[in-house]
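Here are some notes to read alongside the structure.

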Amino acid sequence: MRDDVILLDHGSGGLASAELISQIFLTRYGNPVLAELEDSAILDRPAGRIAFTTDGYVVDPIFFPGGDIGSLAVHGTVNDLAMRGAVPLSLSVSFIFEEGLPVRTIEQIASSIAQATARARVSISAGDTKVVPRGKADKVFITTSGLGVVPDGVELSTKRARPGDRILVSGTIGDHGATILTQRSGLTFSGGLASDTAPLHDLVRSILEGATGAVRAFRDPTRGGVATVLCEIASRSGLEIEVDEASIPIRPEVASACEILGLDPLYLANEGKCIAVVSPDMAKDVEGLMHARPEGQEAAVIGEVRDGRPGRVILRTAAGGLRVLRPLSGMPLPRIC
Amino acid sequence: MFPSPDLSGFRSRAAIDALVHELSLLVDRPMRFMEVCGTHTMAVARYGLRSLFPPRFELVSGPGCPVCVTAQSHVDAMIRLARIPGVTIATFGDMVRVPGSSGSLAHAMAEGARVEIVYSPTDALHLAREVSPDPVVFLAVGFETTAPAVAATILEAERTGVENLLVHPAHKLMPPALDCIMSGGAAVNGLLCPGHVSAVIGAKAYAPLAEGQGLPCVIGGFEPADILLALTLLARQVREGRSEVENAYPRAVSWEGNKRAREVMEAVFRPEDTEWRGLGVISGSGLTLREGFRDRDARTRFGVHPVPVADPPGCVCGEVLKGVKTPTDCPLFASRCTPQSPVGPCMVSGEGACAAHYLTDGPCHA
């Protein structure tokens with residue numbers, strides 16, 4: 001690249017745009033489909049039903065312990081596909097850059113995207129790049145869309161939850177949210193805190209293949225956290241859920257950060273965890289399949305679906321009390337005293 | 001990682017179960033206590049302690065959520081300050097969504113006002129020194145817990161010549177408010193006194209209430225066993241007909257309190273009459289800047305003074321803060337007033353009685 005910062009010209013669609021695309025993106029995650037550089041990508045039609053999803057990424061800071069906006073944009077869309085049981089096939093990546101962003105930063109993000117797609121074994125078949133004047137965006141925003149294929153026989157939906165079903169979480173909660181909020185608050189926590197951003201489709205596939213028919217639904221508790229996802233499951237299934245706080249895995253660093261910032265880890269975002277609703281007789285099997293994979297080593301059964309007040313989620317606290325969990329409302333704000 | 005003290009003992013199920021059992025034995029008549037502090041409100045809700053209380057035992061919230069007791073006239077003044085071109089507001093996050101007569105700080109932000117959420121008054125000093133050459137106005141909300149840190153920050157700004165750090169003084173003092181609420185005849189049998197405020201003002205501050213007004217006062221910490229221990233001590237006082245100050249939080253609170261913190265606070269601030277949400281003006285219950293620091297008062301600098309306004313019609317936040325009513329007594333609760341669209345301040349902060357009740361204890365509307 002001749003320039004060391006992004007200029008408005010790089011989004012003009014002319015020669016500077018072509019240089020940006022060929023020298024930064026195609027060199028890192030190019031493939032025959034993307035390299036055609038036509039107006040749309042032509043893909044072979046796979047057997048099975050198609051899953052399709054899209055998501056925008058505006059995380060601040062763009063680099064954080066455990067990942068960056070690039071890997072997050074890949075994992076987030078891969079995981080949205082995986083939660084419906086789909087095998088991810090192909091992504092599109094669309095950037096909006098703020099004028100003046102260092103090209104070095106874009107190279108780092110592109111390299112991170114390349115690594116994340118290689119790890120997830122998905123290709124990028126379409127992309128776009130725009131540049132807006134300085135101050136009109138914050139450094140970089142990314143939108144990824146994803147296509148996946150749902151194997152025959154896989155029917156996952158939160159509406160399928162039944163009384164008696166167990167609720168599993170694939171690992172520790174709140175890691176991503178606690179990491180981003182402590183970074184944003186300028187608090188310097190040493191050691192331990194890192195985002196959990198990771199692809200989950202291999203974990204999902206190992207469960208779907210190893211315990212056929214066991215899982216009613218998967219959800220990834222991103223924004224709104226575990227509590228909000230549990231409320232959605234209870235609401236859509238018309239059932240009640242009780243969860244046991246003492247059985248929910250949480251890193252001590254995350255628990256401490258939450259205490260200091262006055263946050264509840266049940267409402268913090270996760271980017272590499274899933275909630276599974278599992279038939280009761282297969283819950284231990286699914287837990288074992290999760291434990292067998294690196295991304296599910298700290299998986300645990302945390303609750304149960306039951307008849308009761310439709311849509312209600314009750315937390316049995318570690319103190320032995322009961323309280324109702326509601327969906328997140330408003331921004332998670334620090335406490336005042 | 002932060003070196004955090006081991007508090008696991010205060011959360012142990014064995015300790016909690018034993019205290020719950022003891023409380024059930026002690027409550028032999030209707031007992032109604034008030035948790036004064038918003039952090040207690042939040043902790044009771046978070047640990048689900050209400051579900052563990054015996055029958056005939058009630059715990060109501062008091063005036064200890066700093067956001068909740070900030071009068072609408074003050075909130076309006078803060079929003080007017082935020083709309084002044086060039087002014088940056090530095091505030092704790094809780095204040096951002098508090099509704100004023102017209103919009104909130106969040107609305108002002110959407111219209112272009114510069115509002116920074118900070119975690120400490122020293123963050124505001126940093127903003128004034130390193131980031132903005134324009135005035136940075138810190139919204140000084142809180143009780144005796146926060147006031148010393150704000151005072152120390154002002155002294156540091158003086159020492160280092162940072163002239164663009166201003167404050168909107170809206171601090172409240174706890175003893176005058178408790179005295180005001182209880183002097184009209186207490187609606188409760190005793191007070192669960194705030195741990196953080198008491199660390200500064202000392203357990204002795206409650207002696208007039210206990211001795212003068214016959215009101216049992218027990219200072220409690222914020223872990224579940226701390227709270228339950230304090231409640232058992234209150235119940236025991238009621239049973240035995242005593243009204244004393246007892247300290248169930250000795251690891252943080254002494255009889256005398258933190259003299260140094262009070263000295264710093266008193267060097268910068270002096271008491272003034274101030275308006276409380278729902279309680280009206282209480283004599284000597286607020287803090288304003290002393291003469292030597294007057295040029296840091298954003299109200300005088302910009303001529304923005306609180307203009308009295310009526311509380312929203314139907315809202316009973318004031319009665320809730322006095323412990324006379326509970327959130328569910330309010331006709332707006334969970335209908336017109338929810339955390340998504342709060343009418344009164346008790347629904348805004350997680351420490352507010354209504355929000356805590358709605359979010360963790362109340363009926364499910366999902």
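1. Two strands pair if DSSP finds at least two bridges between them. Helices (H or I, at least four residues) and strands (E, at least two) are DSSP runs, counted from the N terminus. Strands of a sheet pair through backbone hydrogen bonds, either parallel or antiparallel.

2. The model is predicted, so local features need pLDDT of at least 70 and side-chain atom pairs need pLDDT 80 or more, while totals for chains, interfaces and linings use all residues. Residues are numbered from 1 along each chain as its sequence is written, chains are lettered from A and ligands numbered from 1 in the order written, and side-chain values use heavy atoms, with hydrogens and water left out.

3. Start with the sheet in chain B. Its five strands are ordered β2-β1-β7-β8-β9, and the sheet is open with parallel pairing. At the edges sit β2 (57-64) and β9 (245-247) of chain B, each pairing on one side only. From one strand to the next, the twist averages 25°. Axes here are lines fitted to C-alpha atoms, for helices over the stretch in contact; angles run from 0 to 180 degrees between N-to-C directions.

4. Look next at β1 (residues 31-37) and β7 (residues 190-193) of chain B. Three bridges join them in the parallel sense. M34(B) has L191(B) as its bridge partner in β7(B). Helix α7 (residues 174-183) of chain B packs on the sheet and touches β1, β2 and β7 of chain B. Its direction makes about 130° with that of β2(B). Helix α2 (residues 38-46) of chain B lies across β1, β2 and β7 of chain B, at about 120° to β1(B). Contact means heavy atoms within 4.5 Å.

5. Now the cores. A nonpolar core is a set of buried Ala, Val, Leu, Ile, Met, Phe, Trp, Tyr and Cys residues joined through side-chain atoms within 4.5 Å. Buried means under 20% relative accessible area, exposed over 50%, and partly exposed in between (1.4 Å probe, protein chains only). The largest core has 73 residues; L191(B) and M182(B) are among those touching the most other members. Helix α3 (residues 72-82) of chain B gives the most to this core, six residues. Another core, of 34 residues, lies apart from it and includes L20(A) and F25(A).

6. Which aromatic rings pair? Rings of Phe, Tyr and Trp (its six-membered ring) pair if their centres lie within 6.5 Å; planes under 30 degrees apart are stacked, over 60 edge-to-face, the rest tilted. The count is nine pairs over all chains. F143(B) and W276(B) have ring centres 6.2 Å apart and planes at 35°, so this pair is tilted. F143(B) lies in the loop between β5 (136-142) and α6 (147-160) of chain B, and W276(B) in strand β10 (residues 269-276) of chain B, so the pair ties together parts 133 residues apart in sequence. F143(B) is buried at 2% relative accessible area, and W276(B) is buried at 0%. In chain A, ring pairs link F25(A), Y29(A), F95(A) and F97(A) into a cluster.

7. Finally, the cysteines. A disulfide is a pair of cysteine sulfur atoms within 2.5 Å. The whole structure has zero. For C258(A), the nearest cysteine sulfur is that of C231(A), 17 Å away. The sulfur of C354(B) is 4.7 Å from that of C346(B), its closest, and this is too far for a bond. C258(A) is buried at 3% relative accessible area; C354(B) is buried at 7%.
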